[in-house]
Amino acid sequence: MDYESFFERELATLRDDGRYRIFAELERKRGAFPRAARHADGAVSDVTVWCSNDYLGMGQHPVVIDAMHAMLDQCGAGAGGTRNISGTTHAHVLLEEELADLHNKEAALLFTSGYVSNWAALSTLASRLSDCVVMSDALNHASMIEGIRHSRAECQRFTHNSPEDLDRRLSQVAPGRAKLVAFESVYSMDGDIAPIAEILDVCEAHGALSYLDEVHAVGLYGPRGGGVAEREGLMDRIDVIEGTLGKAFGVMGGYIAASAALVDFVRSFASGFIFTTALPPALAAGAAASIRHLKVSEIERARHRDRVAQVRRRLDAIGIPTLDNPSHIIPVMVGDAKKAKMISDWLLDEHGIYVQPINYPTVPVGTERLRLTPSPVHSDADIDKLVTALSEIWSHCELARRELAA
């Protein structure tokens with residue numbers, strides 16, 4: 001087989017379909033985010049980032065930076081090994097205590113990313129629970145899907161955000177089987193929010209373990225940033241809460257929070273935890289500082305809500321089609337992969353506005369979009385520039401607009 005030709009043909013297909021991904025080479029500027037320097041073709045230009053998952057700008061917050069500097073000076077760069085072999089530092093223990101407290105759980109367990117925490121926890125639970133059947137929301141993240149698949153447990157996909165379909169499916173499971181229900185709070189592409197209470201009602205009625213992914217909610221929702229479940233007073237009813245340190249908390253890593261026994265079980269059996277080098281202590285210290293700050297500070301969340309609401313109002317006022325949702329994610333709907341990429345390139349090249357196109361397989365064909373994530377550090381001038389540029393390119397491409405209310 002001519003392997004190189006095969007690789008080139010597959011890449012050519014991606015390019016022809018408009019789905020080939022080109023990464024913008026950026027250099028974030030501490031204290032100036034959402035400003036960043038773009039490196040392209042030997043030149044450097046200034047851009048404004050509109051698609052970062054550093055939702056609250058905590059990646060540049062002084063309390064985070066200072067904590068990381070102090071720990072780097074105190075402990076050095078790396079952890080020195082896996083958590084089992086010399087890699088468990090005091091910073092890891094303190095961070096896990098912060099996370100358990102954030103979600104009002106007995107314990108928490110750190111992983112190197114949110115992807116790994118989902119993959120490792122779900123694969124371990126589903127593979128080791130007796131004759132387990134997993135009920136997975138139809139729009140669950142790839143990390144959840146891969147973890148469930150790796151477990152080789154029976155998996156059924158229930159209709160997205162449908163407690164009714166979940167109840168119907170669980171009613172057909174033989175008594176005595178272990179049951180695990182995996183779903184998310186905020187879905188990152190459409191920005192919709194799960195009916196958590198209703199899903200938990202179904203889980204409890206059927207004796208199913210509940211597993212909630214809050215990666216796009218922690219830090220942002222709830223009086224202390226515990227996520228949508230905290231906002232709705234439901235954390236005590238959820239068996240496993242999974243989250244990330246790399247989005248609203250602005251650093252890196254993933255985790256689960258649950259009972260002491262469940263966390264110890266995953267710690268003891270999950271290969272994705274056992275055989276992975278631990279997070280550097282400086283990252284753990286920065287994440288802990290970010291969590292402590294957001295537990296008591298409402299300033300970032302209030303400003304964030306204001307920015308999101310303003311962008312929505314401005315786009316609605318000029319008829320730019322977005323998906324309506326109750327979250328902080330604003331999907332601007334294009335509906336064509338090539339046009340989505342062309343618009344993204346034009347915004348970057350002509351206006352210094354960086355927003356990445358979202359195409360298949362991340363979203364279904366025909367629903368291609370730009371995913372806007374306003375942050376507390378976007379100014380009124382930033383919003384003006386974004387809205388004006390989007391209006392211009394929408395007219396240039398002769399894309400349909402929403403009908404404006406009379």
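**Around Asp382**

Trainee: Which residues is Asp382 in contact with, leaving aside its neighbours within four places in sequence?
Mentor: Those are Pro34, Arg35, Thr48, Trp50 and Val377, where contact means heavy atoms within 4.5 Å. Keep in mind that this is a predicted model, where local features need pLDDT of at least 70, side-chain atom pairs count only at pLDDT 80 or more, and totals for chains, interfaces and linings use all residues. Residues are numbered from 1 along each chain as its sequence is written, and side-chain values use heavy atoms, with hydrogens and water left out.

Trainee: Is Asp382 buried or exposed?
Mentor: Asp382 is buried, at a relative accessible area of 7%. Buried means under 20% relative accessible area, exposed over 50%, and partly exposed in between (1.4 Å probe, protein chains only).

Trainee: Where is Asp382 found?
Mentor: In helix 15, residues 380–396. Helices here are DSSP runs of H or I with at least four residues, strands are E runs of at least two, and both are numbered from the N terminus.

Trainee: And what does the side chain of Asp382 reach?
Mentor: The backbone nitrogen of Ser379, at 2.9 Å.

Trainee: Switching topic: how many salt bridges does a search of the whole structure find?
Mentor: The search finds 29, a salt bridge being a side-chain nitrogen of Lys or Arg within 4 Å of a carboxyl oxygen of Asp or Glu. One of them pairs Arg177 with Glu154, with the closest N and O atoms 2.9 Å apart. That pair links distant parts of the chain, 23 residues apart: Arg177 is in the loop between helix 7 (163–171) and strand 7 (179–184), and Glu154 is in strand 6 (residues 154–158).

Trainee: What about Lys341 and Asp345?
Mentor: They form a salt bridge too, with the closest N and O atoms 2.7 Å apart. Both lie in helix 14 (residues 337–351), 4 residues apart, about one turn of the helix.

Trainee: Which residues do salt bridges with shared partners join into one network?
Mentor: Glu98, Asp101, Arg224, Glu230, Arg292 and Lys295.

Trainee: Last one: at what angle do helix 5 and helix 6 cross?
Mentor: The axes of helix 5 (residues 114–128) and helix 6 (residues 142–151) cross at roughly 30° and come within 7 Å. Axes are lines fitted to C-alpha atoms, for helices over the stretch in contact, with angles from 0 to 180 degrees between N-to-C directions.

Methods. Polar contact = N/O pair within 3.5 Å; in protein donor to acceptor, adjacent residues only side chain to side chain.
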